[in-house]
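Please open the structure in your viewer and keep a selection tool at hand. The stops below go from the whole chain to single residues.

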Amino acid sequence: SSGINAEYGVLCHAIESYTALPYTERGPAPENPKFRPAYQGSNPLSDVWSRHACYITAKYFKRAVKDPEDYEARQNMHLASAMAGVGFGNAGVHLCHGLSYSISGLNREYRAENYPKEKKLIPHGLSVCITAPAVFAATADSSLDRHAEIAEILGGKPVRKEDAGKALPEVLREYLHDLDVPDGLGALGYSDEDIPNLVAGALPQKRVLCISPIDASAEPIAEIYAKSMKNY
């Protein structure tokens, strides 16, 4: 539904900003401040907002989607959206968003539920969340503690730091599956043959890829797309 798509945007805003390249590692610094990038990378102020948005999402996300009349849940998801916005507005987002634009832009056939049927459309939130399990499996080693912390918040059970690379993708797959999100890029009409064009559309997204915590060149991006063809 449109609610699922919007709220997955909230979740990815929060997780991506919390796991982005730390602001202390972004560089090289431009000669003139006016050439600073739009986003600064993860930082202590943004971390507060992003982390708390995850706590609210863990409590209310499924409730808000499954019962449109649950106004307490919906109001809290609006609050989570605002908090995640404050977080990523400065820290930024990275791979889920960087890879999402070509997913939406190259759509040939997918028509989203609860949207006008005459339009072929992959909503932004769906295009972002569909690669999330593969993205955070790939980025986990860059900050095992942060990935484990988010997996623990969303999953509601302790996660060892060394298990973060499996735990966070598993929690995200559970959320996707429980809320009937389409099963990967394949369910949106893509195949492995489309990966070169998807990669070509992702690589120019320097605004967000510049704060990816891992290498964001063609090969690792192609691997994420390949692993996102089927999520369950």
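Helices (H or I, at least four residues) and strands (E, at least two) are taken here as DSSP runs, numbered from the N terminus. The model is a predicted one, in which local features need pLDDT of at least 70 and side-chain atom pairs count only at pLDDT 80 or more, while totals for chains, interfaces and linings use all residues. Residues are numbered from 1 along each chain as its sequence is written, and side-chain values use heavy atoms, with hydrogens and water left out.

Begin with the protein chain in a cartoon view, where the secondary structure amounts to eleven helices and zero strands. The radius of gyration (taken over C-alpha atoms) is 17 Å, close to the 17 Å from the globule rule for 232 residues, so the chain is as compact as a globular protein of that length; the rule itself is 2.2 Å times the number of residues to the power 0.38. Along the principal axes, the C-alpha trace spans about 50 × 40 × 35 Å.

Now colour by accessibility, with buried meaning under 20% relative accessible area, exposed over 50%, and partly exposed in between (1.4 Å probe, protein chains only). Buried residues account for 50% of the 232 residues in the protein chain. A contact is a pair of residues with heavy atoms within 4.5 Å, and among contacts between residues at least 6 apart in sequence, 74% join residues at least 24 apart.

Next, select T57, which sits in helix α2 (residues 44-66) and, at 0% relative accessibility, counts as buried. If residues up to four places away in sequence are set aside, T57 touches V10, L11, M77 and A80.

From there, move to the loop between α1 (2-19) and α2, where Y23 has its place. Leaving out residues up to four places away in sequence, Y23 touches Q40, G41, S42, N43 and P44. P28 lies in the loop between α1 and α2 as well, and a cis peptide bond, with omega about 0°, joins G27 and P28.

Select helix α6 (residues 132-139) after that, a mostly covered element in which six of the eight residues are buried. The buried residues of α6 are A132, P133, A134, V135, F136 and T139.

For the cysteines, a disulfide is a pair of cysteine sulfur atoms within 2.5 Å, and the structure holds zero of them. C129 is in no disulfide, the nearest cysteine sulfur being that of C12, 6.1 Å away; at 1% relative accessibility, C129 counts as buried. C210, by contrast, is partly exposed at 36% relative accessibility, and its sulfur is 16 Å from the closest cysteine sulfur, in C96, which is too far for a bond.

Finish with two backbone checks. N114, in the loop between α4 (95-105) and α5 (124-129), has phi near 70°, a positive value in a residue other than glycine, and is exposed, with a relative accessible area of 53%. D180, in the loop between α8 (164-178) and α9 (195-202), has phi near 60°, again positive in a residue other than glycine, and counts as exposed at 69% relative accessibility.
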